[in-house]
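The entries are in the order in which I looked things up.

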Amino acid sequence: MADDPQRNFRSVYYEKVGFRGVEEKKSLEILLKDDRLDIEKLCTFSQRFPLPSMFRTLVWKVLLGILPPHHDSHAFVMKYRKEQYGDVYRALQVIRFITDSTPQAEVFLRIYQLESGKLPQNPSFPLQSEDEIFLAIAKAMEEMVEDSVDCYWLVSSFVKQLNHRYKEALPQLPKLLEQILSLEDSRLLAYLKSCSAMGQLPYNLWFRKCFAGCLPESSLQRVWDKVISGSCKILVFVAVEILLTFKMKLMALTSAEKIEQFLENIPQDNTDAIVSKAIELWHKHCGTPGHSV
C-alpha cells in the first residue's frame, strides 16, 4: 500500500507541536481496554513504537508476567504481591539483614535473594557479580517507578528474564556487535582491534546490566521497552551507535584502557538521539523485529 500523504503530513505536524505518536497512543489505549490483554500484540507494539510513560509500568508488568492478561485479576494479584513483599520485608528485618535505613535497591536485593534461596549466611558477606548486576538494574528502575512494590517485582522479573530467557543469547552479543560494526564502520572496527580494545569494551555494563548506570532514565526505558518485549539484540545496536557517535573521540585515544574508561562514562547530553538511531539501526538489520532474542 502506498504511503498516505495526508497521514504523513499529520504525523509531521504532531511531532512539531509536541504530540508525537498520537495515533500509536490511541492504538495502545484500545489494546489495554480489552478484557483479556493480548500479549502478542503488546509485544509487537512495544517493539514498533515507544511506550507512553503513563502506560509503561502496566505494560511491563503484563509482559514480565507480574500481572495476568485478565483485567479482572489485576487488583487481586497486586494485593497478593504487596502482601508477599511485606511479609519478606518484615522477615528480613527480624533476622537483621535490613533496617529502616537500608537503601531501597539493597532491600530489593535481599528480598530477591531470600525468595530465590540465595540469601548469604551473613549480611556482611561480599557481593557476587550477579548481585552487582541486580543492584545496578534496581537503582535504575527506582528512577522510573515510584511505587516500591511495583518496582521490586519489575526488577526481580526483569533480572529473571535476563538470567533465563536470555541466558544463551547474552554471551553471544559481543560477537554480534563486531559483526554489525564491521558493516557500519569497518575503519572504526579496525582501529579498535589495533588497540586490542574490542576485548575490553564494557560488555558487562552494556549487556549484563542492560546499560543501567550508563544511560539516563529517559533513554534507558526506551531500550528496556524492547528488551522486556522480547529482543535483547537491541542492546547491540545501542552499543554500536555509542561507538559510532563517539568515533572521533575513540580514535583519538591510544589504549584499550582509556577507551574502556571513556565508554563507561559517556556524556549524557545526547543519549536520546543515540537510542533513536540505535532503534532505527535495529530495524534496518532485523527488519520489523518479532519478540525473539
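**Ground rules.** This is a predicted model, in which I take local features only at pLDDT of at least 70 and side-chain atom pairs only at pLDDT 80 or more, while totals for chains, interfaces and linings use all residues. I number residues from 1 along each chain as its sequence is written, and side-chain values use heavy atoms, with hydrogens and water left out.

**Confidence.** I checked pLDDT, the predictor's confidence in each residue, from 0 to 100. The protein chain averages 90, and 90% of the residues score at least 70. Over residues 1–19 the pLDDT stays under 50, and I found 9 contacts (heavy atoms within 4.5 Å) beyond four places in sequence for that stretch. Where pLDDT is low, the predicted coordinates should not be read in detail.

**Overall fold.** I looked up secondary structure as DSSP runs, with helices being H or I of at least four residues and strands E of at least two, numbered from the N terminus. The protein chain has 16 helices and 0 strands. Its radius of gyration, taken over C-alpha atoms, is 21 Å, close to the 19 Å from the globule rule (2.2 Å times the number of residues to the power 0.38) for 293 residues, so the chain is as compact as a globular protein of that length. Along the principal axes, the C-alpha atoms fill a box of roughly 60 × 50 × 35 Å. Among contacts with a separation of 6 or more, 70% join residues 24 or more positions apart.

**Annotation.** An unreviewed UniProt entry places "domain: Rab-GAP TBC" on residues 50–231; such annotations may be inferred rather than shown by experiment. I found that this span is 63% helix and 0% strand, with its end C-alpha atoms 14 Å apart.

I count a residue as buried under 20% relative accessible area, exposed over 50% and partly exposed in between (1.4 Å probe, protein chains only). Of the 293 residues, 47% are buried. A nonpolar core here is a set of buried Ala, Val, Leu, Ile, Met, Phe, Trp, Tyr and Cys residues joined through side-chain atoms within 4.5 Å. The largest has 102 residues, and Trp206, Trp224 and Leu235 have the most contacts inside it. Beyond four places in sequence, Leu235 touches several residues, including Leu170, Trp206, Phe211 and Val227.

**Ile228.** I found Ile228 in helix α12 (residues 217–228). Is Ile228 buried or exposed? Its relative accessible area is 1%, so Ile228 is buried. Leaving aside neighbours within four places, Ile228 is in contact with Trp60, Leu63, Leu64, Phe158 and Gln161. The C-alpha atoms of Ile228 and Gln47 are 9.4 Å apart, although 181 residues separate them along the chain.
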